[in-house]
Amino acid sequence: MEKQFKTKTGFCHILPDKIILTRDGIIGNVAKVAVGKSITRVLIIYGGMSAFLLYSAFDSFQTGQVPISIFYLIIGLFLLYGIFTSFNNSATPIIERKDITSIKFKKAIFGITRSRFEILFKDENGKIKKRIIMLPGSMHQGKKATETAKKIMKEEKLLKE
């Protein structure tokens, strides 16, 4: 029996043997996921932006524009930090329940972050990966959607809290 809840970009389907994330709520369309299983493309784009910002910081510093160079440096370093903390993230739309090692719920910080589930699981190569399931924000009935999602995860014995 399937249970589902709304996410930031679609739906999360909890099945007896797996978790499936879809964009439109129809499990059959899971193959149409735009990003795929890898976030490499996104990390490469962030790397390029970071390199450009760090170069701009250096160039601005050499021409005596210290305030703007500090700004570029901070943003560039922030992007680099994001890249390094995202290496073990996955965008896979299907997670086998037998491969899940843990699921944590992270509560939203109002106006800054969304509530989310962080699922640690083993991929096909046996590496531990993290899949983040973002829940709807406060502008899209986030509290109600979060409570529904937590209830389903607890009923399915995926979330211990």
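In this predicted model, four strands line up as an open sheet, in the order 1-2-3-4, with antiparallel pairing. Strands like these are held side by side through backbone hydrogen bonds, and the pairing can be either parallel or antiparallel. Going from one strand to the next, the twist averages 15°.

Helix 3 (residues 142-155) lies across strand 1 and strand 2, and its direction makes an angle of about 155° with strand 1.

Next comes a pair of helices. Helix 1 covers residues 40-62 and helix 2 covers residues 66-85; their axes come within 8 Å and cross at roughly 155°. Angles over 145 degrees count as roughly antiparallel, so helix 1 and helix 2 are roughly antiparallel to each other. The crossing of helix 1 past helix 2 is left-handed.

As for who touches whom, the helix 1 side of the contact includes Leu43, Tyr46, Gly47, Met49, Leu53 and Phe61. On the helix 2 side, the residues include Val66, Ile68, Tyr72, Leu73, Gly76 and Ile83. Sorted by class, the contact between helix 1 and helix 2 has 16 nonpolar residues, six polar ones and no charged ones.

Key:
Residues numbered from 1 in each chain as written. Predicted model: local features only at pLDDT ≥ 70, side-chain atom pairs only at ≥ 80, totals over all residues. Heavy atoms only, no water. Axes fitted to C-alpha atoms, helices over the stretch in contact; angles between N-to-C directions. Helix = DSSP H or I, 4+ residues; strand = E, 2+ residues; numbered from the N terminus. Parallel < 35°, antiparallel > 145°, perpendicular 65-115°, else oblique. Left-handed = near helix turned anticlockwise from the far one by under 90°. Contact = heavy atoms within 4.5 Å. Nonpolar A, V, L, I, M, F, W, Y, C, P; charged D, E, K, R; others polar. Pairing = 2+ DSSP bridges.
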